[in-house]
Amino acid sequence: MRKLFYSLALLVSLNAQAQLKNHTDSISYATGINMVENIRKTGITEFNEAVLMEAIKAHLNGNSKMDTQTAAKLFQEESKRIAEQKAKANKKAGEDFLAA
């Protein structure tokens with residue numbers, strides 16, 4: 001998860017050392033921070049940074065390669081998979097604790 005945060009932070013710094021000159025710049029920057037925080041909350045840690053940036057730009061310009069329903073379904077499935085992995089790990093840790 002830390003890798004995700006640092007990767008997105010690096011992308012921001014490499015893309016222009018954000019100069020917050022006006023309200024629009026500040027809102028844009030805040031939106032980026034909000035996106036990172038939301039991604040961190042999902043538990044998703046592996047992604048292709050170039051594809052992520054491409055998707056953001058494409059969706060902002062109205063020419064996404066994936067519709068929002070498909071994206072939501074895929075995201076929901078991935079979130080479920082991550083939750084199941086965490087539950088399995090927690091169950092094993094609990095069983096190991098009780099067995100000791």
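User: Let's start with Lys-92. How accessible is it, as a percentage?

Analyst: This is a predicted model, so keep in mind that we're reading a prediction. In it, Lys-92 has a relative accessibility of 48%, so it counts as partly exposed. The cut-off for exposed is over 50%.

User: OK, and which residue does Lys-92 form a salt bridge with?

Analyst: With Asp-96. The closest N and O atoms of the two are 3.1 Å apart. Asp-96 is partly exposed as well, at 42% relative accessibility.

User: Where do Asp-96 and Lys-92 lie?

Analyst: Both are in helix H4, 4 residues apart, and that is about one turn of the helix.

User: Why would side chains like that pair up at all?

Analyst: Side chains with opposite charges can pair when their charged atoms come close.

User: How many salt bridges are there in the structure?

Analyst: There are 4. One of them joins Arg-81 and Glu-78, with the closest N and O atoms 2.6 Å apart. Those two also sit in helix H4, which covers residues 68-99, and they are 3 residues apart, about one turn of the helix.

User: What about Arg-40, which side chain does it meet?

Analyst: The side chain of Glu-37, in a salt bridge with an N to O distance of 3.2 Å. They are separated by about one helical turn because they are 3 residues apart in helix H2, residues 23-42. Arg-40 has a relative accessible area of 29% and Glu-37 has 31%, so Arg-40 is partly exposed and Glu-37 is partly exposed.

User: Switching topic. How much space lies in the largest pocket?

Analyst: About 1,300 Å³. It is lined by 34 residues, and the ones closest to its centre are Leu-52, Ala-55, Met-66, Ala-71 and Phe-75.

User: Which helices supply that lining?

Analyst: H2, helix H3 (49-60) and H4 each give at least two residues. The largest share comes from H4, with 10 residues.

User: Now Thr-42. Is that one buried or exposed?

Analyst: Thr-42 is buried, with a relative accessible area of 18%. That follows because buried means under 20%. You'll find Thr-42 in helix H2.

User: What is Thr-42 in contact with, leaving aside its neighbours within four places in sequence?

Analyst: Phe-75 and Ile-82. Separately, a polar atom of the Thr-42 side chain lies 3.1 Å from the backbone nitrogen of Ile-44.

User: Let's zoom out. What does the secondary structure of the chain come to?

Analyst: It has 4 helices and 0 strands. Reading from the N terminus, the elements go α-α-α-α.

User: How much of the chain counts as buried?

Analyst: Of its 100 residues, 11% count as buried.

User: Last one: what share of the contacts between residues at least 6 apart in sequence join residues at least 24 apart?

Analyst: That share is 71% for this chain.

Definitions and conventions. Residues are numbered from 1 along each chain as its sequence is written. This is a predicted model: local features need pLDDT of at least 70, side-chain atom pairs count only at pLDDT 80 or more; totals for chains, interfaces and linings use all residues. Side-chain values use heavy atoms; hydrogens and water are left out. Buried means under 20% relative accessible area, exposed over 50%, partly exposed in between (1.4 Å probe, protein chains only). On a 1 Å grid over the protein atoms alone, a cavity is a set of points where a 1.4 Å probe fits but cannot get out, and a pocket is an open set with protein on both sides within 12 Å along at least five of seven lines; lining residues have an atom within 4 Å of a point. Grid points are joined across faces, edges and corners, and a volume is the space filled by probe spheres set on the points. A polar contact is a pair of N or O atoms within 3.5 Å; within protein, one must be able to donate a hydrogen and the other to accept it, and residues adjacent in sequence count only if both atoms are side-chain atoms. Contact means heavy atoms within 4.5 Å.
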